[in-house]
Amino acid sequence: MYLLITVPTGFEKEAISEVEKISNKKIIVKTTYFKGVLLGKTKLKKEEVKKVFSKDTTYIRKVIPVDRIEKTDIDKFVRFFSKFNLKGKKFAVRCKRRGVHNFASKEVEVRVGEVIKKLGGIVDLENPEIILSIEILQDFSCLSILTTKDIIVKKAKVEKKWKKEERPICRSELKIREIIKRYGFVFSKDKVVLDIGSAPGGWVREISKRVKKVFAVDPAELEVSVKSLENVVHIKKKAQEIELKDKVDVITNDANILDKESAEVSINLSNKFLKKGGFLIHTIKMKRFSKSIVEEIEKMFKYSGIEKISLLKLRYNTRNEITFIGRKHD
Ligand SMILES: C[S@@+](CC[C@H](N)C(=O)[O-])C[C@H]1O[C@@H](n2cnc3c(N)ncnc32)[C@H](O)[C@@H]1O
């Protein structure tokens, strides 16, 4: 059986660990495309699932047992629910739609409801015996036939992880926040920064608050709120293709380019555009973490005149990343 589990946004990781812990790994949980929505899979029966979630939890808001996962298609929903004998039963259709569609939740409820009514079901939105639950997650949907008792509703002990203005645009933004906490002096009001691999714009947003100007290089789009910042110039190109009129004080590189190739990009840019004494902040990204690759890259930087200040395993580095901070020789 599948379970649709909702949790406060930003706490998905913690919630996954919590469910696996309270269920002794009998419920395996994954994130979905949607914040705060997880999908669990288990061989436990409904009653056993209830028992698991009756334990003290911090992150769980709602758990809905799922009978079937279907492609998002109203005809398919109708076909699925029509198979059940709901003659004489008081029912309500409840649809929650997440994603972009050319129909509203209400339309889904009406379409399914009308068919079940024709088959002898009795619509009762106030006190239904049976709930036909449709949770749409963009292209797939979780369908269930439930009684109100089947849905587990809890109060999470935490609320949203981020205040609106603090919510990161992307996970990467948390890396630059960490770097700024430790090496904030790199970014001061008189500095010009060249940021490579900028989209969607988490690093640029944080850096631009602290410096004079940021050149943001990425063939992909920046988020509108970042692109429209006064001191941000989006160069919609690959890092290997850019030209700049003047030298910059700092180069930051968080592009999705692998290990040595990315180091070469940083080195070329540093040779061409970084002032002497300027800083390089470079995420070393590897297919699989390798100490020897990291050492080779450190050597590449060293031989190119970039002195290591530190190699940081940030809390928000992925397991195959590490962050290099260096300075170009005077
Ligand atoms: C992990 S994202 C960077 C996230 C970014 N630091 C932020 O905080 O929003 C990696 C980015 O590298 C970009 N990228 C990949 N190859 C690139 C290249 N050759 N030049 C510039 N950007 C590149 C991708 O388009 C992608 O947007």
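**Exercise 1. How many aromatic pairs does the count come to?**

Solution. Keep in mind as you work that this is a predicted model. Rings of Phe, Tyr and Trp pair if their centres lie within 6.5 Å. By this rule, the count is seven aromatic pairs.

**Exercise 2. Are the rings of Phe-80 and Phe-84 stacked, tilted or edge-to-face?**

Solution.
- Step 1: start with the distance. The two ring centres, of Phe-80 and Phe-84, are 5.3 Å apart, and the cut-off for a pair is 6.5 Å.
- Step 2: turn to the angle. The planes of Phe-80 and Phe-84 stand at 70°, and planes over 60 degrees apart count as edge-to-face.
- Step 3: conclude. The pair Phe-80 and Phe-84 is therefore edge-to-face.

Phe-80 and Phe-84 also belong to one aromatic cluster together with Phe-81.

**Exercise 3. Decide whether Phe-80 and Phe-84 are buried, partly exposed or exposed.**

Solution.
- Step 1: recall the cut-offs. Buried means under 20% relative accessible area, and exposed means over 50%.
- Step 2: take Phe-80. Its relative accessibility is 7%, so Phe-80 counts as buried.
- Step 3: take Phe-84. Its relative accessible area is 35%, so Phe-84 is partly exposed.

**Exercise 4. Describe the surroundings of the ligand.**

Solution.
- Step 1: find the place. The ligand takes up the space of the second largest pocket.
- Step 2: list the neighbours. Around the ligand there are 21 residues, and the closest are Gly-201, Gly-202, Trp-203, Asp-218 and Asp-254.
- Step 3: sort this shell by class. It holds 10 nonpolar, seven polar and four charged residues.
- Step 4: look at polar atoms. A ligand oxygen is 2.8 Å from an N or O atom in the side chain of Asp-218. An oxygen of the ligand also lies 3.2 Å from a polar backbone atom of Ala-199, while a ligand nitrogen is 3.4 Å from a polar backbone atom of Gly-197.
- Step 5: finish with the area. Alone, the ligand exposes 600 Å², of which the protein buries 84%.

Methods:
Residues are numbered from 1 along each chain as its sequence is written. This is a predicted model: local features need pLDDT of at least 70, side-chain atom pairs count only at pLDDT 80 or more; totals for chains, interfaces and linings use all residues. Side-chain values use heavy atoms; hydrogens and water are left out. A residue is near a molecule or strand if one of its heavy atoms lies within 4 Å of it. A polar contact is a pair of N or O atoms within 3.5 Å; within protein, one must be able to donate a hydrogen and the other to accept it, and residues adjacent in sequence count only if both atoms are side-chain atoms. Accessible areas come from the Shrake-Rupley method with a 1.4 Å probe; for residues, only the protein chains shown count as cover. On a 1 Å grid over the protein atoms alone, a cavity is a set of points where a 1.4 Å probe fits but cannot get out, and a pocket is an open set with protein on both sides within 12 Å along at least five of seven lines; lining residues have an atom within 4 Å of a point. A molecule sits in a cavity or pocket if more than half of its atoms lie within 2 Å of its grid points. Ala, Val, Leu, Ile, Met, Phe, Trp, Tyr, Cys and Pro count as nonpolar, Asp, Glu, Lys and Arg as charged, and the others, Gly among them, as polar. Rings of Phe, Tyr and Trp (its six-membered ring) pair if their centres lie within 6.5 Å; planes under 30 degrees apart count as stacked, over 60 as edge-to-face and the rest as tilted. Buried means under 20% relative accessible area, exposed over 50%, partly exposed in between (1.4 Å probe, protein chains only).
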